[in-house]
Every structure is written in structure tokens, then in C-alpha cells.
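Hi everyone, thanks for coming. Please have a look at the structure on the screen, and I'll walk you through it.

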Amino acid sequence: MKTLALKSALLCSALCWPVVTSAQEINLRSADGSIDLTGDLIEYQDNIYVISSALGSVRVPGSQVDCFGTGCPDTEVLDDEVTFSGSDTIADGLLPVLLASYATSLESEPVLTETIGSVETKTEFIDNFGFGDLVHSYRVRSSIASDAFMNLLGKSAEVGVASRRITVEEARSLRDYGAGSMVSVENEHILAADSIVVITHPSNPVTSMTVEELAGIYSGSISNWSELGGNDAPISAVHLARGSGTRGVFEENILQGAPGQPVNVVEALGSIDMSRQIDENENAIGYVSIAFKRGAQSVSLTNECGIAMEADEFSAKTGEYILQRPLYFYTRSDTVTDPARDFLTWAKSPEANAAVAKSGFIDLGIATLPLGDGTLRAENLRNAGLDSYESTFADAMIEQMNGYERLSSTFRFFTGSNRLTPQSRVGLESLISYLEDQPSTEILLVGFTDDQGPFDANLGVSQDRAEFMVSEITAAAGDRLDHITFATAGYGELAPAACNATSNGRAINRRIEVWAPASDS
């Protein structure tokens, strides 16, 4: 199968004006290992390498490879153009809508001036809604998450876009080459949330399955739909390419990191191709970002503890859906320019929420969910099989929920520390901005834990964490929330949002929720 990189090279051959350089040996390698070419550099222009190799003269786009060797050209990004590179989920789904909305905020008209196949576009902003001068240009290269960090390392992109968090190894490599700390608030930016949806053809009678059954399909132990109560037909499991951030999240949470080997496996070139393959094959199953679901049928999942999980907006915002993930934008401290910073500042503001929602992803704004007697949460607490001692606390929680609604702001900490996770760090400012515009009221912070340790000890831990979170909010807000008062409660291991049998489930359950007086109370 031709790689996207080689396909792109053929498509752009008519668009590139050659600049001849002296021949020097270089090595071009892609993040997924599908390209590994060594030869003399003949020319480099418009981010296209032309090398003389054992295969003859080969053209390779720089967006798909990193260059190694003393003969590599200087590929640093020009100051007047911002280049985004990485995950097709973001490049094809989120960025086009964000850029269009950003152009409007600058009173500019976005004009698509260049398209290279399905993997690269260039958009120019023309001032005065199209009647003025060129003010900014943005190049977007669509591939896989791993390329975001390869291109940041090679300085051929100014902003790396990834549907997963940077790995320790990738962060260290960039730090060692002068990029700074890639997990600092200056270089790591969360602009939206996403839910990965398991999808099948609309005619498939199987509409729900357990996480264990889904893992069985992708590990090869389940190969026919009849094993799941469906038709007697072989299951065609569609996978994304290795190096894809979406595939990485899927394997980490469903296969626990094991790659698996389905009997009938087909590889998709990206999210759009995944959706197309599901639409054309009634026996196929796959997984895509919620923005690429299109006309496919979504499959609801049930974890090993019997907790049903839906890929809805609220569970994605709270981080309580098993295949939820933030969408990341990364910059280098030594190369980021003012146009890139300005875009990221706007994209993290409430003004960008409408554009994120329009793209089909989940914005960082705050949603609410009713609490109190009669809600599903109250019923789950009553049916949790608690002993008489634990039930007294469950009853107290149900009574306290009356008159409240839960805000989607949910805070979690790194294991064994009081340091907020990146998504919680972003949520802190969102909550402060939201409460700043609310009338004077009392906000209740409610702590929960996993089920490790004695019940009473967990009650104390959850209460302490809630009180700590009050200090974090008030310190970050300064005088912005002088009209807001805070109260705390701790309910320990009650009301788990995920199964405590896994480390990921326990991490989800260790949380601080934010409750506010119900708007209709």
C-alpha cells in the first residue's frame, strides 16, 4: 500500500519549483517507519525533498519525514506563515472551522490558496473581509500525531497538533534540542475535548457491547457477529495506522496497550477513510472521533463493572467516558511566533467555543447536569449494594444533591500529588471565568476517591482534597470571585464514575466535582 507521504509526493510534483543545491547525503525517515530513504540531496523547495537514491530520483514532502545528516537544509518556519502539522483528526476536522472563525474575529476573509492532495492546505487571511491586504497565512499538514513531534523537532512546523498527549520520550527529545519544556503552560495547549466513538454500519443489529467484547474483536478472539447476537457474518475490524493518536487512545483504554490481531483487519488512511469504509461494509466495525461519525451507528459500551458509558458532551467534558481525550496543540519556546501565539490565545478563549462546537468537537465551555432525587445518579446510589453504614452516607449525598446541578468542571490530580492534570489546569481558568459572570452564590466542591483503602479514610481524603481545591481556585482567581463563597463535602468512594478494577478507572474516580444551585431552584 502506498503511504500518504509518497502519494503526496506525486501530487505535489507539478506544484514545486526546483532550487538546485549541492549534492550531500541525507537520511529521510517518517515517524511510523514506512519511509527510510538515504541518498544525495539534489534540491529542496516548498518543503519538498528531491534525493538521488537507490530507487532513482525520489520526491518526498517534508511534512511526512524528518531529515538527518549534515546535508539537511534549514527548514525553520518562516515568520510570516504559521504551519500546523500532525493529527488528521485535528487538521481535517477542527482546524478548518477554527481558522475560518478566527479570520472573522480579525475582520479578514480566509482564502484557500493551495491544496496538495488530501494532506496539505494553505489558507491566507485577507484584511477588510477580503478587500484589503494579506495579513496572515496558515499551512495545515494532515497526517498522524507522531508527525507533530517529528516536525517540531525538525522545525518544519511551528505548531504540532496531536489527538494524544506527548510522550516522555518525545518531550525529552524536543527539550534536548532547545524547545523548552513541552508540558509547560507556554508550550502545551488544550483547545477542545473529543470522544472516540465505536461505529458500525447502520444496518448492524448489534448496538451495544461490553469493553471486553470490543477488546475481543480487536485482539482476534471474537471474529463473527453471531458471537455478539448479530448476523452470522465475519467481523471486519478497521484499524487506523500505527502512530495515529486516535489508535493509541483506543488501544490504551480498550486493549490496555496490547496491539491485538483481528482475523479480518483492514487499515484506514485516516478518520474520513475510516467512516467511508464503515459506510460501505455492513460487517465492519471501527472507531472515530465523534466529529467524523457521520451516518454511522454508534455502539454503546459497558465496562466490567456494569457501568454503561455514552459518548455524550457532558461525560467528555468531565473526563468520565472511557474513550474521551483532550486535543492538544504544541509549540516550541524557541520558534513560536506572535501570529501563532495570537491564534492560540484566541482559540482558548470563550469566543472560540462556538467554532469548536460547529466542527463537531466538544468545546471547553461549562455544561450542567441536574442532580437530586429522581435522577439516574440517585437511583444508582440506592442500588449500589452498600451496607447499612455506607448507606447512611449515600442517603446524605442524595439529600444534599437536591436543589443542585453539577457543572462539568471536574478536577483531577497526578497520582500521589496535589498537582493538577493538564485538562484540569485548563478547566480551572474556565471555571473562574464562568463564575465571574454569575450572581452572588455559594458553590459546593465535592470530593471523591477510588475504593483503595478503608471507607472512612477515603471520606477524609476526599474532604481534604475538596478543601485544597478551594484554595487553588481562590488563589488563581484573586479578587475576581469575591462575590462567590465556597463550601466543601467529601463522599469518598461513593458514586464511582468508572470501574475501580483498572488504574485508569481509579484515576477517573479520584475527582473533585463542582455543584451549583440549580438554575430553576
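The protein exposes about 22,300 Å², and carbon and sulfur atoms supply 50% of that area. These accessible areas come from the Shrake-Rupley method with a 1.4 Å probe, and for residues only the protein chains shown count as cover. A word on the source: this is a predicted model, where local features need pLDDT of at least 70, side-chain atom pairs count only at pLDDT 80 or more, and totals for chains, interfaces and linings use all residues. Residues are numbered from 1 along each chain as its sequence is written, and side-chain values use heavy atoms, with hydrogens and water left out.

How many of the 521 residues are buried? The share is 52%, where buried means under 20% relative accessible area, exposed over 50%, and partly exposed in between (1.4 Å probe, protein chains only).

Now let's zoom in on one strand. Strands here are DSSP runs of E with at least two residues, and helices are runs of H or I with at least four, numbered from the N terminus. The protein has 24 strands and 15 helices.

Take β3, residues 48-53: five of its six residues are buried. Which strands pair with β3? Two strands pair if DSSP finds at least two bridges between them. Strand β2 (residues 36-45) runs antiparallel to β3, with five bridges, and strand β4 (residues 56-61) is also antiparallel to β3, joined by six bridges. Tyr-49 in β3 is the bridge partner of Tyr-44, and Tyr-49 also has Val-60 in β4 as a bridge partner. Finally, β3 and β4 form a hairpin, with two residues between them.
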